[in-house]
Amino acid sequence: MTCPICAKAAAPKYRPFCSRRCADVDLGKWLTGGYAIPSEDPQDLEELAEKLEEEAQKPH
Ligand SMILES: [Zn+2]
């Protein structure tokens, strides 16, 4: 099984993803109704995941 986000090998703990980061990216896509990822560049995915983490840490 490979990660649907970055196509690396999935980790049992985060399956079907390879990491919590990729799981967050996928969750973000669902929450935003199809978040447009700028590209498939891993750097962009990391930036997106960091933005999602920042959003999650914001107080209401
Ligand atoms: Zn991944």
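## Overall make-up

Helices here are DSSP runs of at least four residues, numbered from the N terminus. By that rule, Arg21 belongs to helix α1. The model is a predicted one, and its secondary structure amounts to 2 helices and 0 strands.

The protein has 60 residues, of which 17% count as buried. Taking contacts between residues at least 6 apart in sequence, 19% join residues at least 24 apart.

## Helix α1

Helix α1 is made of 12 residues and spans 16 Å from its first C-alpha to its last, close to the 16 Å expected at 1.5 Å a residue. Its buried residues are Arg21, Cys22, Asp24 and Val25. Viewed down the helix axis, the buried residues of α1 fall within an arc of 155 degrees, so they line one face. In general, an α-helix has 3.6 residues a turn, so residues three or four places apart point the same way. On the face of α1 turned away from the buried side are the exposed residues Trp30 and Leu31.

Arg21 has 20 other C-beta atoms within 10 Å. Arg21 counts as buried because the cut-off is 20 or more.

The largest nonpolar core contains 8 residues: Cys3, Ile5, Phe17, Cys18, Cys22, Val25, Leu48 and Ala49. Two or more residues of this core come from each of α1 (20-31) and α2 (42-57). Nonpolar side chains tend to be buried together in soluble globular proteins.

Two residue pairs can be given by their separations. Arg21 and Glu46 are 25 residues apart in sequence, with their C-alpha atoms 7.7 Å apart in space. Lys51 and Gly28 are 23 residues apart in sequence and 9.9 Å apart in space, again C-alpha to C-alpha. Lys51 is located in helix α2. With 14 other C-beta atoms within 10 Å, Lys51 is partly exposed, because a residue is buried at 20 or more and exposed at 12 or fewer.

Most residues other than glycine have a negative phi, and most peptide bonds are trans.

Ala7 counts as exposed, with 11 C-beta neighbours inside 10 Å.

Note on methods:
Residues numbered from 1 in each chain as written. Predicted model: local features only at pLDDT ≥ 70, side-chain atom pairs only at ≥ 80, totals over all residues. Core = buried A, V, L, I, M, F, W, Y, C linked by C-beta atoms within 7 Å. Contact = placed C-beta atoms within 7 Å. Expected span 1.5 Å × (residues − 1). Arc of directions from axis to C-beta.
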